[in-house]
Amino acid sequence: MTGPLRIGLIGVGQRGLNHISALTKLQQDEIVQITALADPYPENLADSKIKGAVSAYSSSGIAMFDSADGLIESGLVDAIWFVIPPNQHRGEIERAAMREIAIFAEKPQSLFLDDIISQDAAITKAGIASTVGFQMRHDRGYTDIHNYLQGKWVAAMTMIAETSVENHGVKHTRTEEQGGPANRVWTANRAWSGTSIVEAGIHQTDIMRYWSDDEVEWVRATYTDRPAELHDTEGDNPIAYTVTYGMKKGSVANLLFTKPARSYYSGRFDYIIHTHGTIKLEDDFVDYRFDGEWPPEERPTVDEVRHVISAGPHNTAMGAESTEGIAEAFATSIIEDKPENRLNSFNTSINSLASVLAANVSNDLDGEKIVIDEFINDDKYAQYRKNPNR
Ligand SMILES: NC(=O)c1ccc[n+]([C@@H]2O[C@H](COP(=O)([O-])OP(=O)(O)OC[C@H]3O[C@@H](n4cnc5c(N)ncnc54)[C@H](O)[C@@H]3O)[C@@H](O)[C@H]2O)c1
């Protein structure tokens, strides 16, 4: 097709504004044209609010809708960015797919696997382009790691993500009107976020799949619950998560995720072990690997085994650059009919989402090993897949 691609965006909240910023830049390059926005709350569609976050934004030529379905049925869009909280989906993705509208779905696409399977079936049946908002796959440094590991066997990966309750943003959904948190910090609330592993740790889960070019085969998880008396002030999500994934090609991946309150701390630690090397994410991304005849007569120095695989500085892989990268890749993949520009699809992303949802189930079942294929298909997990509200 000829560009620009006509884009509608549903959910003009914290993340929606990030996407409008990225799309506004792509609009200047005539790759896309934002033609429609939808949000149930008028203040979220107001020029003043959007311009406050995206100075280059103009509402000229954009139709505003107070419901997702109004936008879906408008005939004004070729692709829709779905950017609503994961517990708010009510079949909108399926209805957009039936109209053959391409779909960019923010993660998590729902908190219930039955919904995700239904969304995927509609997308697959319609044969439309789709992607899920794992923007870290479009980060230069992480892509260098992915490319470097092609043809190597990964034995183990660990990501430790230390963050705190205070790092949650105040969101734009009026949760207080729907029995949700009074302070609009829905990411701290289990019924809205599905736990921090589902809402946030899904990114680390997905990037470990991308680095190793692998799928999660099974998961075991143990969480530390936040004491009940703190739920009113700090949210009811756990304080700490220990999640272990068995990958299909044999490696083991660890995701440790922490969310205490009052620490105001964020930090991280990562390693990737392959057969003959240790990858570390320093200012540069580095592989410690001895290339000579082994064993050498003298122990090599650290500098002799240190190989830069991606030169820094590295910006945050979650940030604006990769958000623009995933938007551009998705839009150009449709305009130029190059599906290879998309680094995932709705269907291939199910493994990441099923894995974090299965981590919750493993924790509920005292650390039981949950095989992802069984979690998706077997009757014994049917109760955990079902959305009680649908
Ligand atoms: N990829 C990332 O790095 C990233 C970062 C932040 C959030 N997210 C994801 O983006 C999604 C949205 O999160 P957020 O932080 O923007 O939340 P938010 O509450 O700030 O914004 C959501 C917006 O959607 C609107 N909305 C709610 N239900 C709707 C419906 N049925 N139809 C139309 N609009 C509706 C709300 O009014 C609000 O403006 C979530 O799935 C979240 O996990 C992804």
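## Starting at Asn44

Where is the place of Asn44 in this structure? In this predicted model, Asn44 sits in the loop between β2 (32–38) and α2 (47–53). Asn44 counts as partly exposed, because 19 C-beta neighbours lie inside 10 Å, while a buried residue would need 20 or more.

Which residues does Asn44 touch, not counting those up to four places away in sequence? They are Val12, Gly13, Asp39, Lys49 and His172.

## Two domains

Stepping back, the protein chain is divided into domain 1 (5–133 + 320–345) and domain 2 (153–274 + 352–384). Taken over C-alpha atoms, the centres of domain 1 and domain 2 are separated by 25 Å.

Where these domains meet, the contact takes 13 residues from domain 1 and 16 residues from domain 2. On the side of domain 1 that touches domain 2, the residues divide into seven nonpolar, five polar and one charged.

## The nonpolar cores

The largest nonpolar core has 95 residues, and the ones that touch the most other members are Ile10, Ile80, Phe82, Ile103 and Val219. Helix α13 (residues 350–364) supplies the largest share of this core, with seven residues. The core also draws at least three residues from each of domain 1 (5–133 + 320–345) and domain 2 (153–274 + 352–384).

Leaving aside its neighbours within four places in sequence, Ile103 is in contact with Ile80, Phe82, Ile93, Ala96, Ala97, Ile123, Ile128, Ser130 and Phe346. There is also a second, separate core of five residues, including Val165, Val185, Ala188 and Trp192.

## A pair of packed helices

Two packed helices are described by the angle between their axes and the distance between the axes. How do these values look for helix α5 (residues 113–126) and α13? The two pack at an angle of about 170°, with their axes 11 Å apart. That angle makes α5 roughly antiparallel to α13, because angles over 145 degrees count as roughly antiparallel.

To see the contact itself, look for Leu113, Ile116 and Asp120 of α5, together with Ile350, Leu353, Ala354 and Leu357 of α13. The residues of this contact divide into six nonpolar, no polar and one charged.

Technical notes: Residues are numbered from 1 along each chain as its sequence is written. This is a predicted model: local features need pLDDT of at least 70, side-chain atom pairs count only at pLDDT 80 or more; totals for chains, interfaces and linings use all residues. A nonpolar core is a set of buried Ala, Val, Leu, Ile, Met, Phe, Trp, Tyr and Cys residues joined through C-beta atoms within 7 Å. A residue is buried if 20 or more other C-beta atoms lie within 10 Å of its own, exposed if 12 or fewer, and partly exposed in between; C-beta atoms are placed from the backbone. Helices (H or I, at least four residues) and strands (E, at least two) are DSSP runs, numbered from the N terminus. Domain bounds come from an automatic or database domain assignment. Two residues are in contact if their C-beta atoms, placed from the backbone, lie within 7 Å. Ala, Val, Leu, Ile, Met, Phe, Trp, Tyr, Cys and Pro count as nonpolar, Asp, Glu, Lys and Arg as charged, and the others, Gly among them, as polar. Axes are lines fitted to C-alpha atoms, for helices over the stretch in contact, and angles run from 0 to 180 degrees between N-to-C directions. Angles under 35 degrees count as roughly parallel, over 145 as roughly antiparallel, 65 to 115 as roughly perpendicular and the rest as oblique.
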